[in-house]
Amino acid sequence: MSGESEAASAPAPSNPFASLGASGTTGFAAGGFNFGAPVAPAFGAAPKPADEEGGDEDGGDAAPEEECQAEFKPVVQLDEVETKSGEEDEDSLVDLKCKLYRFDGDNNEWKERGLGLIKLLQHKENKKVRLLMRQEKTLKIRANHIVMPGTKLQEHSGSDKAWVWSTVDFSEGEQRIELFAVRFGTVEKAQEFKKKFEEAMDINAPLLGDVAALPKADESAGGAAADKEAEELAKEVEGKATTKDE
């Protein structure tokens, strides 16, 4: 009996999960559990919300990033060099975009010299006019000669936008007799070139007193025979000659 009285008088064991349901928040609770309220973490204090945390350790905003003031000098110092085109002492009478060809007599075919600007340049001092054509991008000289009085500028057969002429050229660094053909994008540009070319011949006529000292294309190629050959090439180039890049 004493054992039964001790068991009756002993306090009931406490519920270890009662504290979890002690919150006053609403929600579904059963057996001491509350499933509607947030539960505190098992270890440590709850983390503070991001908006409740302070700024940095100093209590202020982050300092702006400082601009780098370091200077780096190149290992090799290059001096600026002035480049000259050789046209500084000349005035341009005309410059037009074109495609230039030269006739290769050995293979009996036209070869393309390049696409670029063709110019008639008059020297500021001696007033002589030369023809200069540079290939675009590379600026390589593709034609360079004095506009000789008496040069025959012949219309290209089958095209009113192209001209053919024979001359002594210096584009390769030495005198060479060349037969050139130039083609323009429009008839108007072709006619403008012809007009300026003829004006250049008139300008050079009284200035070139030593023309006889220069080799003439007609003399070197056999006089009238060379002139006839040039005319035939100008007429038949579309039909018999192929065009290749050079």
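Among contacts in the protein chain between residues at least 6 apart in sequence, what percentage join residues at least 24 apart? The figure is 54%, where contact means heavy atoms within 4.5 Å. This is a predicted model, in which local features need pLDDT of at least 70, side-chain atom pairs count only at pLDDT 80 or more, and totals for chains, interfaces and linings use all residues. Residues are numbered from 1 along each chain as its sequence is written, and side-chain values use heavy atoms, with hydrogens and water left out.

**Overall build**
- The protein chain holds 4 helices and 10 strands; these are DSSP runs numbered from the N terminus, helices being H or I of at least four residues and strands E of at least two.
- Their order from the N terminus is α-β-β-β-β-β-β-β-β-β-α-α-α-β.
- Of the 246 residues, 28% are buried (buried is under 20% relative accessible area, exposed over 50%, partly exposed in between; 1.4 Å probe, protein chains only).
- The chain's accessible surface is about 17200 Å², with 51% belonging to carbon and sulfur atoms (Shrake-Rupley method, 1.4 Å probe; for residues, only the protein chains shown count as cover).

**Nonpolar cores**
- The largest nonpolar core has 22 residues (a core is a set of buried Ala, Val, Leu, Ile, Met, Phe, Trp, Tyr and Cys residues joined through side-chain atoms within 4.5 Å).
- Residues with the most contacts inside this core include Ile118, Trp165, Val182 and Phe193.
- Two or more residues each come from E3, E4 (109–123), E5 (129–135), E8 (162–169), E9 (176–184) and helix H2 (187–204).
- H2 gives the most, 5 residues.
- Another core, of 6 residues, lies apart; Tyr101, Phe103, Trp110 and Val164 are among them.
- Beyond four places in sequence, valine 182 touches residues including Cys98, Leu100, Ile118, Trp163 and Phe193.

**Serine 171**
- Serine 171 sits in the loop between E8 and E9.
- Serine 171 counts as buried because its relative accessible area is 14%.
- Its side chain makes a polar contact of 3.2 Å with that of arginine 113 and one of 2.4 Å with that of aspartate 169.
- A polar contact is a pair of N or O atoms within 3.5 Å; within protein, one must be able to donate a hydrogen and the other to accept it, and residues adjacent in sequence count only if both atoms are side-chain atoms.

**Valine 75**
- Valine 75 lies in the loop between strand E2 (33–34) and strand E3 (90–104).
- Valine 75 counts as exposed because its relative accessibility is 85%.
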